[in-house]
Amino acid sequence: MPSKQNIKQVEELKELVSQAKSVAIVDYAGTTVNDQVTLRRELKAAGGKMIVTKNTLINVAVGKDKLQESLSGMSALILSLEDEVSAIKALFKFHNDNEKLTIKQGIYQDRVLSPEEVENLSKLPSMNELIANLINRLQSPGSGLVNVMKAGPRNLVYALKAIADQKSE
């Protein structure tokens with residue numbers, strides 16, 4: 001019979017997983033406490049969260065046997081709560097800098113992802129990058145039009161300046 005603490009923890013995990021835009025499962029064996037604190041800090045800044053708990057609780061919370069093959073060893077859930085890729089990007093930045101984590105699997109829109117697919121997800125632009133790109137593209141026709149409209153008077157000024165310089169010589 002499951003303990004009340006485990007039941008409560010599974011409910012909390014189910015709630016967090018349902019709120020998460022994307023989830024990654026990593027093997028954190030080989031990381032030190034300082035590494036984990038650094039990773040948690042980077043994830044929090046990126047709008048994510050790292051949860052370390054028992055593999056059986058993760059299995060029950062995520063869905064029976066959905067991630068069974070990756071739930072062995074020391075597993076942690078990486079949850080991206082704000083947008084789909086920001087916490088995954090922070091995870092891969094940490095992974096590339098330290099090479100201590102092993103990415104096992106991921107979940108995106110109720111689909112189980114392989115480690116390669118999780119890495120591809122981390123390479124997508126974040127929501128802020130997409131918004132900045134959209135604003136830039138929306139502004140470029142307007143600024144181009146302004147430059148064209150200013151070109152005539154500007155060229156006239158340059159021509160008069162050249163004539164004035166020629167006469168002064």
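Contact means heavy atoms within 4.5 Å. This is a predicted model, in which local features need pLDDT of at least 70, side-chain atom pairs count only at pLDDT 80 or more, and totals for chains, interfaces and linings use all residues. Residues are numbered from 1 along each chain as its sequence is written, and side-chain values use heavy atoms, with hydrogens and water left out.

Q: What is lysine 104 in contact with, leaving aside its neighbours within four places in sequence?
A: Lysine 104 is in contact with Ile25, Val26, Asp27, Ser70, Ser72, Met74, Ser75 and Pro115. Lysine 104 itself lies in strand β4, residues 102-108. Helices (H or I, at least four residues) and strands (E, at least two) are DSSP runs, numbered from the N terminus.

Q: Why does lysine 104 have no salt bridge?
A: A salt bridge is a side-chain nitrogen of Lys or Arg within 4 Å of a carboxyl oxygen of Asp or Glu. For lysine 104, the nearest side chain of opposite charge is aspartate 27, 4.6 Å away. Here Lys and Arg count as positive and Asp and Glu as negative, while His and the chain ends are not counted.

Q: What makes lysine 100 and aspartate 35 a salt bridge?
A: Their closest N and O atoms are 2.7 Å apart, and the cut-off is 4 Å. Lysine 100 lies in the loop between α4 and β4 and aspartate 35 in helix α2, so the pair ties together parts that are 65 residues apart in sequence.

Q: Why is aspartate 35 called buried?
A: Buried means under 20% relative accessible area, exposed over 50%, and partly exposed in between (1.4 Å probe, protein chains only). Aspartate 35 has 12%, so it counts as buried.

Q: Why is aspartate 97 called exposed?
A: Its relative accessibility is 54%, and exposed means over 50%. Aspartate 97 is in helix α4, residues 86-98.

Q: How far apart along helix α6 are lysine 161 and aspartate 165?
A: They are four residues apart, which means a separation of about one helical turn. The two form a salt bridge, with the closest N and O atoms 3.5 Å apart.

Q: How do you know whether the chain is spread out or a compact globule?
A: The chain has six helices and five strands. Its radius of gyration is 26 Å, well over the 15 Å that the globule rule gives for 169 residues, so the chain is more spread out than a compact globule. The radius is taken over C-alpha atoms, and the rule is 2.2 Å times the number of residues to the power 0.38.
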